[in-house]
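Colleague: I am new to reading models like this one. Could you walk me through it, one question at a time?

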2 protein chains.
Amino acid sequence: MSGPASLKSIAEEAGVSVSTVSRAFTRPELIGEQTRTEILAIAERVGYQPNRSARGLVTGRTTTLGLLVPDIANPFFPPLVRAAEDRAYERGYGVMLMDTDEHADREKALIRDLSGRVDGLVLCSPRSPAGQIRELATQRPLVCVNRSISGVTSVCCSTRDGLGQLVQHLRSLGHRKIVYLAGPASSWSDRERRNSVRRQAAKSGMQVDVLGPYPATFEGGVLAGDAVADSAATAAVAFDDVVALGAIHRLSERGLRVPDQISVSGCDDIFFASMTLPTLTTVATPIAEAGRAAIDLLIDALDSPKEHRIQEITLSGAFVARGSTGRMARRTR
Amino acid sequence: MSGPASLKSIAEEAGVSVSTVSRAFTRPELIGEQTRTEILAIAERVGYQPNRSARGLVTGRTTTLGLLVPDIANPFFPPLVRAAEDRAYERGYGVMLMDTDEHADREKALIRDLSGRVDGLVLCSPRSPAGQIRELATQRPLVCVNRSISGVTSVCCSTRDGLGQLVQHLRSLGHRKIVYLAGPASSWSDRERRNSVRRQAAKSGMQVDVLGPYPATFEGGVLAGDAVADSAATAAVAFDDVVALGAIHRLSERGLRVPDQISVSGCDDIFFASMTLPTLTTVATPIAEAGRAAIDLLIDALDSPKEHRIQEITLSGAFVARGSTGRMARRTR
DNA sequence: CAGGTTCCTGCGAACGCTTGCACAGTTTGC
DNA sequence: GCAAACTGTGCAAGCGTTCGCAGGAACCTG
């Protein structure tokens, strides 16, 4: 036999037609018990793997999903990617991963290139204008993660409740003057987080200043650390864990002890948040769950396009108390 | 026009045959200048995207590569994945990513499922028996990362020189008794690292004990930290950065200051190595470079199967001095 | 036992593209 | 000025599947 096994080669060996072999795999209930088991046995023996291209040509489906993330090297995303892949695989789909580099143009180009090879798209923290994404969503199944756009299915991780608890936690430790270290101005998450902190602080009678925006990087956090040191605040709530880590790093360099002299907290609960010294008080983002949910929504939409409707799912993150926050101390500078 | 643009619809509009349109894209030198520009203009206007399934059916190629990693959530891999994806995209390929969960069985299943949908495979730190991988490599282009198997193209990150420099560095700081905190026994990298440390220590007249093996996790590092505390060594070289971080964490918990009382170093230079307190002395693994190289080798093999030959590339990692190693102090316990 | 069902199977078209071959028209070589 | 070579294009086969339709066999039903 030359080349890999095909329906045809199996059909010849089994003495049936190609269609019967095809149906043995795709519509098993349609064919005779005995015929089917025989076909399956032969297929197994010759290691038959259906030709996805041929199948895709006629069905118009690739059983592949596209997953766009800003940057897989950003520690926030790997758990999402991991969960999304696992779920997709469980449900019979493969995942093509691409990095947009946080750049709307590249995002656009990737989506264009990708759309010919996937059945649907998961867009994580997309940077493209809402109108463009809405337009895209009319052309093919699409779900956004961590960006809410009216008319587009999305799953967002809300840290509102968790941040509320965090602010309460700071209050109970005696803090009255805190700062929020803002992330990128264009970020949906930053807006949500900033507002959550403000709201709870107001409720608790605490004063909160916003510092930044800072890049959502360690270096951004270093910058923020300087600003915190220069402020009168006794606690800082950072946009995310990486920024918090940078801030803590800088504060330590400047001789300010965390949490003895100043408290710092992050957001996301990335892999390393529990491994640093001090360990990082933070609000966990259920990012893996979000990845799974996004894939489920996408495949559901693919499987039953008729009954599909726009959904907006919100997943809540929980407050995680660790070592980088403590009782307020009088700052001595 | 119903459905997406096809060669046929473009051909009709341009008043030429389907073959001519096809050639305008794939063999532009074969057709008339004027015809070509006209076709390209129409294609551009209608947003033509070739149907990959149809193309794949006749060419037998998917222009997709498979990338298997043990666990994308392990901070060692994201830079590799990122670089591999970027390079593949540059060269016109997409990448399907899958996680083996460090499990040989799952690895095998994934490879089987994947092989129908990709042109070639990059296997990172594969756990499967060498014979199985060698067999696989005869069936389709394949390159291994961080595992050297005779007869299989591979790219490995060697930390030998870097670890040699690290051991020298420890010696010059006065250390004479060190320990190596071993990683998983089945790991190719662990063997290489252990031997490198041993060799250099012997050369430098230092005593080195091997502790472990420990799981290559933070918790593994915590375990290792206890063992280090109980040993007489003044410096520890950990299998990787995560283990080092765990060890430092545990040592600090036990009141041993790093690096004042004991030095600890890691390996890999992951994202966080420079962000911890203390910052982590380590040996950088050129993992992104390895990802790029692997993709290049794979696509080269795909593009010119005739002149292809087995290659084994080794990339060297450099020693990075940071804050977790320091002058030897008399241990007081 | 005629007519209707049900169950299983085969036939053949179609999916969108690439590519070997043929051919008409033009250029080149001597 | 005629054969040879070259250039640009079209024809049609074929890639491996899926699936609508048709039909034969077996089984009911009254």
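Modeller: Let's begin with a pair of strands: β6 (residues 177-181) of chain A runs parallel to β7(A), and five bridges link them. Strands pair if DSSP finds at least two bridges between them, and the elements are DSSP runs numbered from the N terminus: helices are H or I with at least four residues, strands are E with at least two. Keep in mind that this is a predicted model, where local features need pLDDT of at least 70 and side-chain atom pairs count only at pLDDT 80 or more, while totals for chains, interfaces and linings use all residues. Residues are numbered from 1 along each chain as its sequence is written, and chains are lettered from A and ligands numbered from 1 in the order in which they are written.

Colleague: Which residue in β7(A) is the bridge partner of Lys177(A)?

Modeller: Lys177(A) has its bridge partner in β7(A). That partner is Gln207(A).

Colleague: What is the order of the strands in the open sheet of chain A?

Modeller: β6(A) also pairs with β8(A), in the parallel sense over four bridges, with Leu181(A) partnered by Ala238(A). β8(A) in turn pairs with β9(A) over three parallel bridges, where Ala236(A) meets Val264(A). The four strands of this open, parallel sheet therefore follow the order β7-β6-β8-β9.

Colleague: Which are the edge strands of that sheet in chain A?

Modeller: An edge strand here pairs on one side only. In chain A these are β7 (207-211) and β9 (263-265).

Colleague: At what angle does helix α10 of chain B run to β8(B)?

Modeller: Helix α10 (residues 218-230) of chain B lies across β6, β7 and β8 (235-238) of that chain. Axes are lines fitted to C-alpha atoms, for helices over the stretch in contact, and angles between N-to-C directions run from 0 to 180 degrees. For α10 and β8(B) the angle is about 155 degrees.

Colleague: Is Ala83(B) buried or exposed?

Modeller: Ala83(B) sits in helix α5 of chain B. Leaving out residues up to four places away in sequence, Ala83(B) touches Ala288(B), Gly291(B) and Arg292(B). Ala83(B) and Ile287(B) are 204 residues apart in sequence, with their C-alpha atoms 8.7 Å apart in space. Because 22 other C-beta atoms lie within 10 Å of Ala83(B), this residue is buried.

Colleague: Which element gives the largest share of the side of chain B that touches chain A?

Modeller: Residues are in contact if their C-beta atoms, placed from the backbone, lie within 7 Å, and 37 residues of chain B contact 36 residues of chain A. On the chain B side, α4 (52-59), α5 (78-90), β2 (94-99) and α11 (241-253) each supply at least two residues. The largest share, seven residues, comes from α5(B).

Colleague: How many residues surround DNA strand C, and which are the closest?

Modeller: A residue is near a strand if its C-beta atom, placed from the backbone, lies within 6 Å of it. Both chains take part: α2 (18-26) and α4 (52-59) of chain A, and α1 (7-14), α2 (18-26) and α4 of chain B, each supply at least two residues. There are 27 residues around DNA strand C, and the closest are Ser19(A), Gly32(A), Ser6(B), Leu7(B) and Ser19(B).

Colleague: Which residues come nearest to DNA strand D?

Modeller: Around DNA strand D there are 27 residues. The nearest are Leu7(A), Ser19(A), Ser22(A), Ser19(B) and Gly32(B).

Methods. Two residues are in contact if their C-beta atoms, placed from the backbone, lie within 7 Å. A residue is buried if 20 or more other C-beta atoms lie within 10 Å of its own, exposed if 12 or fewer, and partly exposed in between; C-beta atoms are placed from the backbone.
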